[in-house]
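Visitor: Could you walk me through some side-chain and helix contacts in this one? I'd like to begin with the aromatic rings.

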Amino acid sequence: MTTIRDIARLAGCSVTTVSRVLNNHPYVADEKRKQILSLIKELDYFPNARARELSRGLSKTIGVMIPHANVPYYEKIISGILKAAFKAEYKITLLPTDYDLEKEKDCLEQLAAKAFDGLIITSKLTPLETIQSYLKYGPIVCCEDTGTYPISCVSFGRMESYQEVFRYFKQKGTSAVGIVIGRNPSISPSSRVVLAAYQQVFGQPPASEMVYTNCQSYTDGLNAGLFFSKTKKIDAILTNSDEVAAGILQTLNNPIVEIIGEENLLASKLLNISTIDHHLDRCGEAAFQLVFKENNSRLSIPYTFIQR
């Protein structure tokens, strides 16, 4: 394969001169420029785009840390990131971690090694203190509120959205509310938020038999439906996904239970289920844009409670 050094050798000039021609820089004699361009065409030479970008100190690539690639929640965020990246002519590298601390550390180490120009973290197990220590290597944006840590973030009013749903249940006289969460509250900030929202509205924490954990998919929802079918009294269920809600509907043996999902997916529209839309695609777009802003930039995306 022809290299830039081959072109320079055949043209009887330096690699720097060939590089100037490739980048349309001045200070190259017209005859020499014509000779180099002729050789480039004759030898069907294409410059190494990756090498050119690195020479400018950029990879034109953003890394995106995701725990799972096949969960609608993350698919919506990624969709927004890809839309913004396409407009900016950037590439996206997806970094699935399965909430493995070593894999998450590897993502941060890749940022330190300049494998990409910035890192977007959609969800993680790694403490924010550790993430902060990598800011010296490049911009990092989290898709969650980073609190007092100087890490750029996009948040979307989780606490307020869950409080509104629980107030909605309370105003209807609904007290026996089941809750479906994705991960154990001991390791998941979002799970802790939904439980805290319940306690703030109802004045006490939910009973353990009213909380179903480790639920991410439609299949998990089927199991959650069987779990709540054994509950003696239940009036409503707040789930963490419309797909999970759809699964619950298939196995729950109580047709009068009101189910509310999240993220306004096609399943909720087809099944006419109420849902909380956190506008995750907009969150993804905003996260991409924050990569290029000053450190510790923060943005909040308003949610929509859709009652059907």
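Guide: This is a predicted model, and with ring centres required to lie within 6.5 Å, the count comes to twelve aromatic pairs. One of them is formed by Tyr 90 and Phe 288, whose rings are edge-to-face, with 5.9 Å from centre to centre and 75 degrees between the planes.

Visitor: Where in the chain do Tyr 90 and Phe 288 sit?

Guide: The pair links distant parts of the chain, 198 residues apart: Tyr 90 lies in the loop between α5 (72-87) and β2 (91-96), while Phe 288 belongs to helix α13 (residues 280-290).

Visitor: Is Tyr 90 buried or exposed? And Phe 288, buried or exposed?

Guide: Tyr 90 has a relative accessibility of 14% and therefore counts as buried, the cut-off being under 20%. Phe 288, at 3% relative accessibility, also counts as buried.

Visitor: Other rings, then: what sits over the ring of Tyr 99?

Guide: That is the charged end of Arg 183, placed 3.8 Å from the centre of the Tyr 99 ring.

Visitor: Switching to helices, how do α10 and α11 cross?

Guide: The axes of helix α10 (residues 218-229) and helix α11 (residues 242-251) come within 6 Å and cross at roughly 45 degrees, so the two helices are oblique to each other. The crossing of α10 past α11 is right-handed.

Visitor: Which residues make that contact?

Guide: On α10 they include Gly 221, Leu 222, Ala 224 and Gly 225, and on α11 they include Val 244, Ala 246, Gly 247 and Ile 248.

Technical notes
Residues are numbered from 1 along each chain as its sequence is written. This is a predicted model: local features need pLDDT of at least 70, side-chain atom pairs count only at pLDDT 80 or more; totals for chains, interfaces and linings use all residues. Side-chain values use heavy atoms; hydrogens and water are left out. Rings of Phe, Tyr and Trp (its six-membered ring) pair if their centres lie within 6.5 Å; planes under 30 degrees apart count as stacked, over 60 as edge-to-face and the rest as tilted. Helices (H or I, at least four residues) and strands (E, at least two) are DSSP runs, numbered from the N terminus. Buried means under 20% relative accessible area, exposed over 50%, partly exposed in between (1.4 Å probe, protein chains only). A charge sits over a ring if NZ of Lys or CZ of Arg is within 6 Å of the ring centre and within 35 degrees of the ring normal. Axes are lines fitted to C-alpha atoms, for helices over the stretch in contact, and angles run from 0 to 180 degrees between N-to-C directions. Angles under 35 degrees count as roughly parallel, over 145 as roughly antiparallel, 65 to 115 as roughly perpendicular and the rest as oblique. A crossing is left-handed if the near helix is turned anticlockwise from the far one by less than a right angle, and right-handed if clockwise. Contact means heavy atoms within 4.5 Å.
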